[in-house]
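I opened a new notebook page for this model.

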Amino acid sequence: MHARWLVLLGVAMWTAAWSAVLGSDLARDGFAQFDPLILLLFATAFAWISLGFAFGMSGLLAELFERAGEDETPPAPVRTRTVLLFPVYNEAPERVFSTVRSLMDDLARLGARESVDLFVLSDTRDEAIAAEEHTRVAALVSSDGGPARLFYRRRLANAGRKAGNIADFVRRWGGRYDYMIVLDADSVMSARTILKLAAMMEADETTGLIQTVPILVGRTSLFARLLQFASALYSRAYARGFVLIAGTEGTYWGHNAIIRVRAFAECCGLPALRGRAPFGGEILSHDFVEGALLGRGGWRLRLASELEGSFEESPPNLLAYARRDRRWAQGNLQHLRLLRAPGLSAWSRVSFALGALGYLSSLVWLAFFLASLADSALGPGRFVYFTGERQLFPDWSNVLSPWSAAVLIVSSVMIFGPRLLIALKTAVSPRRSDFGGGLTLLASVLFEVLASTLVAPVLMIYQSRAVVEVLLGRDSGWPAAERRDGAIPLVTAANASWWVSLTGLGLLAGGLTLAPAAIWWTLPVSLPMIFAPLVISATASPELGIAARATRLLLTPAETGWSGRTASPASDLAGGERRRA
């Protein structure tokens with residue numbers, strides 16, 4: 001049996017065991033009306049965090065017992081041709097072509113201009129932006145000693161959005177190239193990583209795609225710096241765990257991956273689903289589907305968790321993150337329609353289901369919270385995390401039964417345990433200097449955990465709304481991404497999140513009225529929601545992000561210089577944060 005099925009079986013057994021513990025605790029006084037629902041919601045949410053625990057611990061153990069890090073030998077010369085694709089849609093030309101220029105220079109330094117071309121694939125609808133794109137392309141092409149071949153194409157109609165843009169390139173020019181690397185407007189790779197990926201593809205003709213792990217860089221806001229720190233510290237270990245579980249049936253995240261063009265052309269034509277959006281029409285999150293189609297065609301998909309030199313920018317603030325999540329939620333829920341698609345591997349179907357569960361889990365946690373509160377008010381006085389009389393200051397020995405306490409402790413350990421162990425491992429390794437030193441790293445971890453406890457309830461309610469909107473048939477469309485850092489005034493944040501504050505006030509008022517003993521357990525959720533405008537505005541602040549760096553909190557390798565291990569990133573993405581600060 002493959003390791004992935006053993007892991008899923010272990011997660012199922014672990015979830016069943018702790019669900020039984022909770023069920024027996026709920027049944028002490030006889031099942032109340034909400035108890036079956038509470039148990040179902042708990043099992044669903046617990047399974048999700050158990051799977052994350054399995055990924056994190058598997059990756060951590062792999063790093064402890066295997067040779068860590070990337071092979072530092074120079075990339076071997078490649079005999080094949082690779083093209084870098086930059087699909088853009090109303091993006092700021094200065095940003096896009098600054099990245100293109102940096103990549104051209106980086107490729108020239110490694111003598112790779114004969115084997116790598118660059119294509120800017122424009123779907124821009126704004127004529128002023130399109131005119132500037134033309135101007136900047138002409139300037140780069142005519143620059144003295146142009147070190148790489150650069151091409152530009154603008155479509156007259158942007159049918160199929162990004163997926164259609166890439167498909168149009170493959171049909172018209174794909175036959176000229178062996179491999180293509182898709183980069184978003186906010187992502188980049190070093191030339192060294194590009195050449196390594198090409199060499200890896202040359203070495204294994206059964207591989208159709210190799211996905212890298214992009215590290216978040218380039219922002220100054222406090223919200224972005226929280227994401228960047230977590231990405232730099234934890235993402236490779238969790239990705240390594242995914243590799244152990246998924247094997248050669250990896251995934252595709254839509255960018256920062258190398259793809260065999262022939263395999264893509266043969267396998268990845270995307271149909272329009274019957275019916276209207278959000279569940280019908282064009283496939284919104286096309287990348288997961290394209291990866292599954294490559295697997296159906298017999299191609300191997302690898303996640304190269306060991307490779308460095310792959311970067312992208314995070315959303316600059318919580319509102320931008322929520323807008324992006326709205327589209328991603330719709331795309332992942334739409335994948336549920338593909339579970340019965342013919343020819344897909346069992347793991348591809350599981351991956352579609354897990355992707356949807358990742359967004360449904362927020363709604364599940366919220367429903368679990370509400371059902372537990374209702375059970376406390378209407379049931380025989382017991383709650384998954386508290387029992388006893390309805391009083392404002394409960395007797396804690398009665399409020400938290402031993403088994404309920406065990407459920408709470410185990411859930412917390414599974415959420416925070418792998419991250420803490422990864423941080424401790426890093427703090428005693430030479431890599432600690434990438435984060436400012438061992439003590440600085442641990443202080444940053446504590447700060448990140450505390451800040452995340454304020455952000456998480458707000459994100460939970462935004463994701464829950466996104467899921468409900470999709471289930472109600474509301475289409476998200478494809479809104480333009482927000483790329484720039486910038487403060488969000490408190491009034492603007494309040495206008496965008498007043499409903500979150502009202503929801504938090506409703507939870508607090510309901511708890512005080514219906515189940516006063518439960519109020520102490522609602523505060524960690526309700527208070528951040530009540531103060532959502534302040535959370536959004538404060539975390540969007542570049543000044544607070546810069547202040548955190550000034551106190552050496554949330555330092556990342558992009559700021560500390562990567563300890564000299566690798567060449568500097570190929571664009572301003574990783575270094576721009578250092579310069580702006």
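Which residue in strand 10 is the bridge partner of Val188? I looked it up, and the partner is Phe311. I keep in mind that this is a predicted model.

**Entry: the sheet around that pair**

I traced the strands next. Strand 5 and strand 10, the latter covering residues 310-312, are joined by three bridges. The two run antiparallel. They belong to an open sheet of three strands, in the order 5-10-7. The pairing in this sheet is mixed. Strand 5 (187-189) and strand 7 (215-216) are the edge strands, and each pairs on one side only. For my own reference, strands of a sheet pair through backbone hydrogen bonds, either parallel or antiparallel.

**Entry: strand 1**

I moved to strand 1, residues 82-88. Is it buried or exposed? It is mostly covered, with seven of its seven residues buried. I checked the two faces separately. Thr82, Leu84, Phe86 and Val88 lie on one side, and all are buried.

Then I listed its partners. Strand 2 (residues 116-122) pairs with strand 1 in the parallel sense, over seven bridges. Within that pairing, Phe86 has Val120 as its bridge partner. Strand 4 (residues 179-182) also runs parallel to strand 1, joined by four bridges. There, Met180 of strand 4 stands opposite Val83.

**Entry: helix 3**

What do strand 1, helix 3 and strand 2 make? I found a right-handed β-α-β unit.

I looked at the helix itself. Helix 3 spans residues 93-109, which is 17 residues. From first C-alpha to last it reaches 24 Å, close to the 24 Å expected at 1.5 Å a residue. I wrote down some of its buried residues, among them Pro93, Val96, Phe97, Val100, Leu103, Met104 and Leu107. The buried set also includes Thr99, Ser102 and Asp106. After the helix comes Gly111, and its phi is positive, near 65°.

**Entry: confidence**

I checked the pLDDT last. The chain averages 87, and 88% of the residues score at least 70.

Definitions and conventions. Residues are numbered from 1 along each chain as its sequence is written. This is a predicted model: local features need pLDDT of at least 70, side-chain atom pairs count only at pLDDT 80 or more; totals for chains, interfaces and linings use all residues. Side-chain values use heavy atoms; hydrogens and water are left out. Two strands pair if DSSP finds at least two bridges between them. pLDDT is the predictor's confidence in each residue, from 0 to 100. The expected span of a helix is 1.5 Å times one less than its number of residues. Buried means under 20% relative accessible area, exposed over 50%, partly exposed in between (1.4 Å probe, protein chains only). A crossover is right-handed if, with the strands pointing away from the viewer, the path from the first strand over the helix to the second runs clockwise.
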